[in-house]
Amino acid sequence: MPLLSIFLLPLLLPSSLAQKKGNLSPETHPPFQWAQCTSPTNCTTINSSLVLDANWRWVHDDKYRNCVEQNPDGTQWWNPAVCDLGDESPASTNNCTSKCLLEGAGDYRWSYGITTTNATLMQKLVTRIEFATNYGSRLFLLEKKDRYQTFVLLGNELSFEVDLSTVGCGVNAALGFVAMDADGGVERHEPWNEAGAEYGTGYCDGWCQDRQRFVGGRAATNKPGARGYQWQSDGACCPEFAVWNSNAHSYSMSSHICENDDYEPCPGPWCDPTYYDPDERGVPPKCARKGCEYNPYRMGAKEFYGKGKLVDTTRNVVTRWEEDRQYQFFIQDGKRIDVPAPTWDGLPKQSGLSKEMCDVQANVFVEQDIWAVHDGWPTHQRQVLSRPMVLVTSIDAADWYTWNTWLDSSKIPPYDDRDPGVERGPCPWEDNEPSIARASNGQAKVVWSNIRFGPIGSTVEL
């Protein structure tokens, strides 16, 4: 997810060392409706709201200075004129935590390109404002002002409508669930985090998101990384089910399991996105970044999804979490369209995630099997399917490490596109470089609508 250039506003200094809220720009959560269903004809509308992730907010000191400096490539550093985390000492961390405050997001539409109308949410990729350009956004569904809405996936299904017609190569519009703390980490990280869910704190995911400004409620350290990937030192890991990573050319569903069941900061090499070498490091990554995935294009169905193909980019998506299999289908023109089975030898002849699929996928695609290192399917059932998860939506083109080629393109050469699993979509990998993707997708926006959740068979009438 991208980090942003945020406009300057004044604010008062906090009275303690905790990560605190600002008090100048208001935090007004945009309203949003979703439905809790017991049958296709019995769905209750839930009047809820959304909150912007803390990583997109203006962070500053009492002298109106940005705590974080924006680099041309979209990466960011702590501003040494405000606080310097170069020595990574507790004193430096505490200093930055106490000086730098999270400001209210103000007008979500004007600042971040986020608009809600009843049960419809629109997120723009590029939003130009007077003092800066903001790229993308990440939102969490709220149960109440200071608590995220949570969902248990096992035995349930999710349906939603999505319009991706303007979302091009290199951009990822995503909807999924992560094992965040429902209060945004206030209780877990006491006394460091006072802002909480009201200000969108506590994000974590199965990639051990390592460009966070704050981890565990405290200022995150940072170091130079591969290809300018600056936020490599501190990150936040937790189990994740990515329901829908997508653009107009490709999509995928995946599960990401971790060493531990809950939110965990990941200092040191476990947040480093480099390839795991057990001989050199001896300790595997905290989470299975690649996870167990189902991307129809990668599985061989190249004419199934996309503009002008069997399933276009403006349809109803249904995801079901059965105990032994998690799978998707589409509703298009009133008809159910199932996702094709894989065509590669060695994979099960059934779409979706299952123990059989997840046990063999890495071997067929000649990848390291971090999924197996973390005990695979039993861990998935415990960490991902059976615990409360927070709903997240986002749009971004800020994957500075892999350029979102894992979603819609091929691995950067010298890989052979004819090898199993190398092609994830039809996009030229050169076009996925983030600065190019942003420039060529200036009008990109994703529209989510009619989100429904309930027991299997309850959200759509077939």
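Author: Happy to, and let's begin with charges and rings. A charge sits over a ring if NZ of Lys or CZ of Arg is within 6 Å of the ring centre and within 35 degrees of the ring normal. In this predicted model, Arg138 lies over the face of Tyr203, at 3.7 Å from the ring centre. Arg218 is placed over the face of Trp192, with 4.0 Å to the ring centre.

Searching the whole structure gives 20 aromatic pairs. One of them joins Phe160 and Trp448: the centres are 5.9 Å apart and the planes stand at 70°, so this pair is edge-to-face, the cut-off being over 60 degrees. The two residues come from distant parts of the chain, Phe160 from strand S14 and Trp448 from strand S28 (residues 445-455), 288 residues apart. Phe160 is buried, with a relative accessible area of 0%, and Trp448 is also buried at 0%.

Trp207 and Trp406 make an aromatic pair too, here a tilted one, with 5.5 Å centre to centre and 50° between the planes. This pair also links distant parts of the chain: Trp207 lies in the loop between strand S15 (172-178) and strand S16 (214-215), while Trp406 belongs to helix H6 (residues 405-408), 199 residues apart. Trp207 is partly exposed at 30% relative accessibility, whereas Trp406, at 16%, counts as buried.

Phe160 and Trp448 turn up again in a cluster linked by ring pairs, along with Trp244, Tyr251, Phe304, Tyr305 and Phe330.

The side chains of Glu157 and Arg320 meet in a salt bridge of 2.5 Å, N to O.

Another salt bridge joins Arg315 and Asp333, where the closest N and O atoms are 3.5 Å apart. Arg315 is in the loop between strand S22 (292-294) and S23, and Asp333 in the loop between strand S24 (325-332) and strand S25 (335-338). Asp333 is exposed, with a relative accessible area of 61%.

Asp61 and Arg65 form a salt bridge as well, at 2.6 Å between the closest N and O atoms. Asp61 is buried at 2%, but Arg65 is partly exposed at 28%.

Finally, Lys290, Glu293, Arg298, Glu367 and Arg424 are joined in a network of salt bridges. The count for the structure comes to 23 salt bridges.

Conventions: Residues are numbered from 1 along each chain as its sequence is written. This is a predicted model: local features need pLDDT of at least 70, side-chain atom pairs count only at pLDDT 80 or more; totals for chains, interfaces and linings use all residues. Side-chain values use heavy atoms; hydrogens and water are left out. A salt bridge is a side-chain nitrogen of Lys or Arg within 4 Å of a carboxyl oxygen of Asp or Glu. Buried means under 20% relative accessible area, exposed over 50%, partly exposed in between (1.4 Å probe, protein chains only). Helices (H or I, at least four residues) and strands (E, at least two) are DSSP runs, numbered from the N terminus. Rings of Phe, Tyr and Trp (its six-membered ring) pair if their centres lie within 6.5 Å; planes under 30 degrees apart count as stacked, over 60 as edge-to-face and the rest as tilted.
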